[in-house]
Amino acid sequence: MFIHSAVLFGLTEPAAVDAYTLTAGRFWATSAALLGLAGTILGGLALARAARKTAWVASAAGLVALTGGVLNLATADGGPGTGNGVVGGVAAVGLGLLALVLGGRALTR
């Protein structure tokens with residue numbers, strides 16, 4: 001992507017982030033949310049079939065997704081629509097917590 005030299009030297013402001021622009025914050029948050037979704041699915045499967053190894057994987061995926069979502073929200077310097085991945089970070093926190101609960105519940109059975 002070409003960046004104009006005036007933007008590089010701070011003489012002008014870069015253009016506003018579009019709704020479909022994939023920024024680093026949005027990529028990080030989306031990745032964490034997808035990992036949380038995978039952990040939630042695995043946690044549900046482990047709970048249904050009493051698979052101990054799958055429950056550990058679901059718990060680990062939930063912990064990583066939760067951590068990624070919290071870190072993304074902690075470093076975001078704007079609200080939804082700013083390109084910081086706030087919405088994805090909230091989704092990652094929710095799905096990560098759900099994956100942890102389902103994986104832990106399957107482990108205690």
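Buried means under 20% relative accessible area, exposed means over 50%, and partly exposed sits in between, using a 1.4 Å probe and protein chains only. I wrote that down first, then looked up Asn72: it is buried, with a relative accessible area of 5%.

**Ground rules.** I am working with a predicted model, where local features need pLDDT of at least 70, side-chain atom pairs count only at pLDDT 80 or more, and totals for chains, interfaces and linings use all residues. Residues are numbered from 1 along each chain as its sequence is written, and side-chain values use heavy atoms, with hydrogens and water left out.

**The whole chain.** I looked up the secondary structure and got four helices and zero strands. Helices here are DSSP runs of H or I with at least four residues, strands are runs of E with at least two, and both are numbered from the N terminus. Along the sequence the pattern reads α-α-α-α. The protein chain has 109 residues, and 33% of them count as buried. I also checked contacts, meaning heavy atoms within 4.5 Å. Among contacts between residues at least 6 apart in sequence, 68% join residues at least 24 apart.

**Helix α2.** I noted 26 residues for α2, with 37 Å from its first C-alpha to its last, close to the 38 Å expected at 1.5 Å a residue. The expected span is 1.5 Å times one less than the number of residues. Its buried residues include Gly25, Ala29, Ala32, Gly36, Gly39 and Thr40. What do the buried residues of α2 pack against? They pack against α3 and α4.

Thr40 counts as buried because its relative accessibility is 13%. Not counting residues up to four places away in sequence, Thr40 touches Leu95, Leu98, Ala99 and Leu102.

Just after α2, Ala50 takes a positive phi of about 55°, although Ala50 is not a glycine. I reminded myself that most residues other than glycine have a negative phi. Ala50 lies in the loop between α2 and α3. Buried or exposed? Ala50 is exposed, at a relative accessible area of 59%.

**Helix α3.** Next I went to α3, residues 52–75, which has 24 residues and reaches 35 Å from first C-alpha to last, close to the expected 34 Å. Among its buried residues I found Ala55, Ala58, Ala61, Ala65, Gly68, Gly69 and Asn72. The buried residues of α3 pack against α2 (24–49) and α4 (86–108).

Ala65 lies in helix α3, and with a relative accessible area of 0% it is buried. Leaving aside neighbours within four places in sequence, Ala65 is in contact with Ala32, Leu35, Gly36, Ala92 and Gly96. I also looked up Ala65 and Gly89: they are 24 residues apart in sequence and 9.0 Å apart in space, C-alpha to C-alpha.

Back to Asn72, whose place is in helix α3 too. Apart from residues up to four places away in sequence, Asn72 touches Gly25, Trp28, Ala29, Asn84, Gly85 and Gly89.

**How α3 sits against α2.** Two packed helices are described by the angle between their axes and the distance between the axes. Axes are lines fitted to C-alpha atoms, for helices over the stretch in contact, and angles run from 0 to 180 degrees between N-to-C directions. The axes of α2 and α3 come within 8 Å and cross at roughly 155°. α2 and α3 are therefore roughly antiparallel to each other. For the cut-offs, under 35 degrees is roughly parallel, over 145 roughly antiparallel, 65 to 115 roughly perpendicular, and the rest oblique. Their crossing is left-handed, a word used if the near helix is turned anticlockwise from the far one by less than a right angle, with right-handed used if clockwise. Among the residues making the contact are Gly25, Trp28 and Gly36 of α2, and Thr54, Ala65 and Asn72 of α3. The contact divides into twelve nonpolar, eight polar and no charged residues. Here Ala, Val, Leu, Ile, Met, Phe, Trp, Tyr, Cys and Pro count as nonpolar, Asp, Glu, Lys and Arg as charged, and the others, Gly among them, as polar.

**How α3 sits against α4.** I found these two packing at an angle of about 155°, with their axes 7 Å apart. α3 and α4 are therefore roughly antiparallel to each other. α3 passes α4 in a left-handed crossing. By class, this contact has 17 nonpolar, eight polar and one charged residues.
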